[in-house]
Each structure stands twice: as structure tokens, then as C-alpha cells.
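Notes below, in the order I took them.

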Amino acid sequence: MSQEQDVIVADADAVESDVVETPADDADAGTETDADAAPRMSKREEALTNEGEVAADYLEELLDIADLDGDIDTFNEGGRAHVSILTDSDVLVGKDGEVLEALQELARLAVMTETGHRSRLMLDVAGFRDKQRAMLQDLAADALAEVQSTGEPVRLSPMNPYQRKIVHDAVAAGGHVSESEGEEPQRRVVVLPKAKS
């Protein structure tokens, strides 16, 4: 090897060692990793996210078996995992949400089987629950108006616990009190007039 070649090889080694061992590159790589890291979730949030994923997987398999179209979305809200099946079909809703309620129970059982814990997971299909919530809030507003005009309690039609909770919340937001009376499945909300001071 000539002296000129020795110098070129030595220079190449120096350049290679500069490239490999540059402290600035290490610092940039560390900063980039820190910036890209997702914020850590609490254990509760992680558990809810896991519930949603388990339910979504179960429901996706069910959709495949039934050959039904629908996209599945999951999120956490109000201390519950929520799963929505986005579809134009109301086959999975059924009459008065009966099929939806059954699917929700099946999804909760799938989560319990996987995690060993009971789930309060909420399932919505084709926006049924959102529409139902709006309708029940309107019903509560009408009952409040009637109570205010007559001063008499208003008894609503029988509802399931989920529906009653929406009405109770709407009545409380309107500054009134309500209670439930009767036995399931005939349990109903009674909107009460304000107590006279």
C-alpha cells in the first residue's frame, strides 16, 4: 500500500468514526423520541381502553359472521368504555333498541370473559343512543313545562334504567326533582313540582 493510500484510508477511518460517534446525533435522536412519545394513560384509562378494544374485536367478528357492514369506533367517556358501530342499517338496533341491548350485554360478557371484571361498557349502533338521548331530554323538558304550569307531578311512561337516568339528569339540570316508582319492567319517572318554601 502506498503512502498516499494509507492517508486516504486513515482519513476515511476518521470520517467514519466522526459519523458514528457524533454526540449531536445521539442528542437529536433522544429528543425526537421524547417528542414523539404518547402521553401516559392512567391505569383506569388503560383498563377502559382495553375493554373497548376487546368489545370491538368481538363485535367485528360478529359483524363478519352475520355478513353485515359497519365501522367500529371506540372511546372513553364518563368513566366508561364506549363502542359505536357506524352503519346505515338498523338491523342491529331492533325494535326499541332490543337487539342493541342484547349486543351490549354480549359485548360486556366478552369483556368480562377476557378481563375477569364486570364492564359498564356502552354500545351504540347507527347513532340510536344519541337520538334516544335527545328525544328523552325533550320529553323531560315537556314534563318540566307541564309541572311548572300545573303544579302537579307528571308520571312518564315506563322506561329502562338507562332511559330513566337520562330523564333524571335532564330534570335535575332544569332545577327540579324526580323519582322513580313501580317495579321493573313498569318502573317510571315521576317529575315533581318544586317544594314550596
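These are my entries, starting with the overall layout.

**Ground rules.** I am working on a predicted model, where local features need pLDDT of at least 70, side-chain atom pairs count only at pLDDT 80 or more, and totals for chains, interfaces and linings use all residues. Residues are numbered from 1 along each chain as its sequence is written, and side-chain values use heavy atoms, with hydrogens and water left out.

**Layout.** I counted elements as DSSP runs numbered from the N terminus, with helices (H or I) of at least four residues and strands (E) of at least two. The protein chain has six helices and six strands. Read from the N terminus, their order is α-α-α-β-β-α-β-α-β-α-β-β. For burial I used relative accessible area with a 1.4 Å probe on protein chains only: buried is under 20%, exposed is over 50%, and partly exposed is in between. By that count, 26% of the 197 residues of the protein chain are buried. A contact here means heavy atoms within 4.5 Å. Among contacts in the protein chain with a separation of 6 or more, 55% come from residues 24 or more positions apart.

**Helix α3.** I checked its length first. Next I listed its buried residues: Leu48, Glu51, Gly52, Val54, Ala55, Ala56, Leu59 and Leu63. What covers them includes β1 (71-77), β2 (80-86), α4 (98-115) and β3 (122-125). A reminder to myself: an α-helix has 3.6 residues a turn, so residues three or four places apart point the same way. After α3 comes Asp67, with a positive phi near 55°.

**α3 against α4.** For axes I took lines fitted to C-alpha atoms, for helices over the stretch in contact, with angles from 0 to 180 degrees between N-to-C directions. The α3 and α4 axes come within 9 Å and cross at roughly 120°. My angle classes are roughly parallel under 35 degrees, roughly antiparallel over 145, roughly perpendicular from 65 to 115, and oblique for the rest. The two helices are therefore oblique to each other. From α3, the residues involved are Asn50, Glu51, Val54, Ala55, Tyr58, Leu59 and Leu62, and they meet Leu103, Leu106, Ala107, Ala110, Val111, Glu114 and Thr115 of α4. By class I get ten nonpolar, two polar and two charged residues in this contact; nonpolar covers Ala, Val, Leu, Ile, Met, Phe, Trp, Tyr, Cys and Pro, charged covers Asp, Glu, Lys and Arg, and polar is the others, Gly among them.

I also looked at Met112, which sits in α4. Met112 is partly exposed, with a relative accessible area of 34%. Its C-alpha lies 9.8 Å from that of Ala55, 57 residues apart along the chain. Leaving aside neighbours within four places in sequence, Met112 is in contact with His117 and Arg118.

**α5 against α6.** Helix α5 (residues 128-150) packs on helix α6 (residues 161-173) at about 50°, with the axes 9 Å apart. That makes this pair oblique as well. On the α5 side I noted Arg129, Gln132, Arg133, Leu136, Gln137, Ala140 and Leu144, and on the α6 side Tyr162, Gln163, Ile166, Val167, Ala170 and Val171. The contact has eight nonpolar, three polar and two charged residues.

Which residues does Gln137 touch beyond four places in sequence? I found Ile166 and Ala170. Gln137 counts as partly exposed at 39% relative accessibility.

Most residues other than glycine have a negative phi, and most peptide bonds are trans. Asp96 has a positive phi near 55°, lies in the loop between β2 and α4, and is exposed at 63% relative accessibility. Ala126, in the loop between β3 and α5, has a positive phi of about 55° and is partly exposed at 22%. Last entry: the bond joining Glu184 and Pro185 is cis, with omega about 5°, and Pro185 is in the loop between β5 (177-181) and β6 (188-192).
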